Amino acid sequence: MEYYQKDKHQFKRYPQDLFQKLEFDKVLQLLSEKCQSSLGKEHVARMKVLTDVNKIERLLTQVHEFKELIMVEDKGFPLNNYLSLKEELGFLEVENMVLNEAQVFRLYKVLEAANELLRYFRFNQDRQERYPNLFMLLEGVNVSRELIHQIKGVIDKDGRVRSDASKELISIRKSINQRYKELDRQFVQVLREYKNYNWLADSVESIRNGRRVLAVMAEHKRKIRGIIHDESKSGNIAFIEPDVTLQINNDLVGLQLAEKREIYRILQELTRYIRPYRKDIQEYQTVLGIFDFIHAKAQLAWEMDAHRPHISREKKIELFNARHPLLYLINKQQKKKTVPLSFELSLANRILLVSGPNAGGKSVMLKTTGLLQLMLQTGMLVPLNDHSIMTVFQQVFVDIGDEQSIENDLSTYSSRLKNMKHFVEAANSKTLLLMDEFGSGTDPALGGAIAEAVLEHLNQKFCYGIVTTHYSNLKVYASETTGIINGCMTFDYKTLSPKYMLEVGKPGSSFAFELAAKSGMGNALIQKAKEKVDTQYQQFDELLTTLQKEKAAAEDMLRRARQKEKEYQKLLEEYAVKKRELELKRKKIILETEEKALADLQASNKKFENLVKELKENKGEKQTIRKIKQEIQKDKVRLSQSIEILKDNIFYKDSDKQVAEGDFVRLRSGREVGEVMEFRKNKCLVQFDTLKTLVKTKELVVVEPIKKKEQAGVQFYNSIERKSQFENSIDIRGQRRVEALKSVEDLIDQGLMYNVDELKVIHGIGDGVLRRSIREMLRSYKAVKSVRDEDPQYGGAGVSIIELG
């Protein structure tokens, strides 16, 4: 299985040390360190820059799936015993070669590792569906159970040949154990005897030539029968093997030789059994190496916060928040922020001409672009936002740094001319050019003219590229030429320090005079320098400086205007609230007045009725009184209607939940809680404790169900308190997928419980997996009215706003 298949169009690079110039070799070193085995490291060493879009997309998808697997399952993936079997496979290729115990044991470990990898995917349907491209790598791979069983029958868990591998070996090892016991018994017996005679040294025994010997003092060595194997450096101690153990040791030597012969015979048979599986074992090892390699790329992508961009087949580039991977890792370690890079190139604007002050980040931007391109075309995820767009180039040419050489008789400018010549001759529409300090190294007027001519030629070839420069003629040329667009690295003119941010659409000043003043150079010298500069050039540079200052001032004004607009909007909202409150108070005052008037009228009516009783006998007066009574009744009806209208406006217009049968309710003007038993037109029969009464529906407010009347006040207070303490936002960044979804689910349940209208979930942008998972889960909630991204200034796609209906 060849992981990097041959491309139809071979990638071309210039110069040959392109990897070193763009620091891609350092990225490869980091990738190699992430590999668990030499198998993965070999894949890193064989990495190729590809030009086939389909192959690149396949490799990127594999790494993307592995990165998701790491996020979801963390350390569950099997990565043990990814061993290289180069020596073992070489032995199996030779007909009569026999594998030793260690080699068979290594081979067994690889078989088990491959088998564990297969089980990880094949016995889990969910993993097959979530990581189909990884699972596809195992297509056609099957580990022979018979082969594993055969090896386990010979080799134990410590890597030694099992005693029961054959009947002969059982017998031999049994005899060896018996002879060792006899040797120990005999040796201990003579040791005690000679120790009693004080013939032995303090360290009474030792091992010499693989034999157990007595440490005898020199003056007594002739008293003991046996073989002298050695003596101490001083000659005071002789190491003697006593004759009583001599024959036993000889027997042991014979038995150990017989054991070796039997082990060799067993391994010979086992090797003959294994040899037909050689190609299968080679395939297992290759698969393990590929998974180790992809895992390393996914692990590095996780650390770099790298993602899979979209690949355009129409030569379009849109980078959003791209970061130099090495700089990002260094800053991450030091807890510093890395300023991201965003720009786009298309057929209409193929070449970006970047200007600005020295040390402003132009070279870093150039290297970042080239490095990310190499990472993409070697199947690595790229540190940028996942909605970025990149394309594939067949050639990448760079001119970065000083290439002067005494050996080749090349000055700085000569080396640049050499590079320009190659670019002009070899570049085409499938070439990415990266040129730093374009045209520098010679007289600015002449160097600028040559650079402009070369740039014009390259533009006509429809090359893509990024060019950095200080030459004004190139800035003017770019502003007047189709296919080239100006850009600049922004500069804080107040502090005279770079911001390291790219701004596309206008050229930038070098801020030479300003930086000279900041460095402490005298004003007189700077003024004299200004006088020596060509008037037209000085005016152009001053214009650029003025434009940048004016733009910065305009942006500051815009920022303040937006802040004022927010404050104004807040005041409007506060005014609207106050207005509603005042209107409500006004209507309440009118209501109270009308109610008082009605009460007064009722009192007057009562007095009138008493008066009528007294005047019953006078018939003429009765008719007059009747008319007065009718007028008063009309006033009473009018005031009652007015009161009802005001009540509707104040209490019922924006009524909460509609009253339903079985609801627990209270009167708007009271605290007593009852249960709605039934409806009767526009009234409800409500049971308050043991009392049933008919009440107008609009006079009732639905409350939380309760069991006992005396619990109402406590429950109401607790409900209000819990709602006031409820947080309607949650931050799930750093949580695993399952844990994060559970947190969001709990938040929604509490939001529904406390009747909250809006919830906020902070999940971060990342590669978008968590955001998609959350939104997919929310579709199952009928109570979720809508889900949207937060405003860009408050988090954008990294924050989801959930509206509950």
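Is Glu 269 buried, partly exposed or exposed? Keep that in mind for a moment. First, the overall picture.

This is a predicted model. The chain has 805 residues, and 42% of them count as buried. Its secondary structure comes to 24 helices and 24 strands. Now the contacts. Take those with a separation of 6 or more: 69% of them are between residues 24 or more positions apart. The surface next.

Glu 269 is partly exposed, at 43% relative accessible area. Its side chain forms a salt bridge with Arg 265, with the closest N and O atoms 2.7 Å apart. Both residues sit in helix 11, residues 243-274, four residues apart, so about one helical turn separates them. Arg 265 is partly exposed too, at 32% relative accessibility.

The count of salt bridges in this model comes to 30. Let me show you two others.

Start with Arg 313 and Glu 57. Their closest N and O atoms are 3.4 Å apart. Arg 313 lies in the loop between strand 6 and strand 7, while Glu 57 lies in helix 4, residues 53-73, so the pair ties together parts 256 residues apart in sequence. How covered are they? Arg 313 is exposed, with a relative accessible area of 52%. Glu 57 is partly exposed, at 27%.

Next, Arg 323 and Asp 305. This salt bridge is 3.6 Å, N to O. Arg 323 is in the loop between strand 7 and helix 13, and Asp 305 is in the loop between helix 12 and strand 6. They are 18 residues apart, and the pair links distant parts of the chain. Arg 323 counts as buried because its relative accessibility is 9%, and the cut-off for buried is under 20%. Asp 305, at 30%, counts as partly exposed.

There is also a network. Salt bridges with shared partners join Asp 184, Glu 205 and Arg 212.

On to helix 6, residues 101-122. Its 22 residues should span 32 Å at 1.5 Å a residue. The end C-alpha atoms are 31 Å apart, which agrees. Asn 100 caps the N-terminal end of this helix. A side-chain oxygen of Asn 100 lies 3.2 Å from the backbone nitrogen of Ala 102.

Last stop: a nonpolar surface patch. Val 339, Tyr 500 and Met 501 make it, and it covers about 280 Å². Val 339 sits in the loop between helix 13 and strand 8. Val 339 is partly exposed, with a relative accessible area of 34%.

Technical notes: Residues are numbered from 1 along each chain as its sequence is written. This is a predicted model: local features need pLDDT of at least 70, side-chain atom pairs count only at pLDDT 80 or more; totals for chains, interfaces and linings use all residues. Side-chain values use heavy atoms; hydrogens and water are left out. Patches are made of residues with over 30% relative accessible area and no salt bridge: like charges are joined within 9 Å, nonpolar side chains (Val, Leu, Ile, Met, Phe, Trp, Tyr) within 5 Å. Accessible areas come from the Shrake-Rupley method with a 1.4 Å probe; for residues, only the protein chains shown count as cover. A salt bridge is a side-chain nitrogen of Lys or Arg within 4 Å of a carboxyl oxygen of Asp or Glu. Helices (H or I, at least four residues) and strands (E, at least two) are DSSP runs, numbered from the N terminus. Buried means under 20% relative accessible area, exposed over 50%, partly exposed in between (1.4 Å probe, protein chains only). The expected span of a helix is 1.5 Å times one less than its number of residues. A polar contact is a pair of N or O atoms within 3.5 Å; within protein, one must be able to donate a hydrogen and the other to accept it, and residues adjacent in sequence count only if both atoms are side-chain atoms. Contact means heavy atoms within 4.5 Å.
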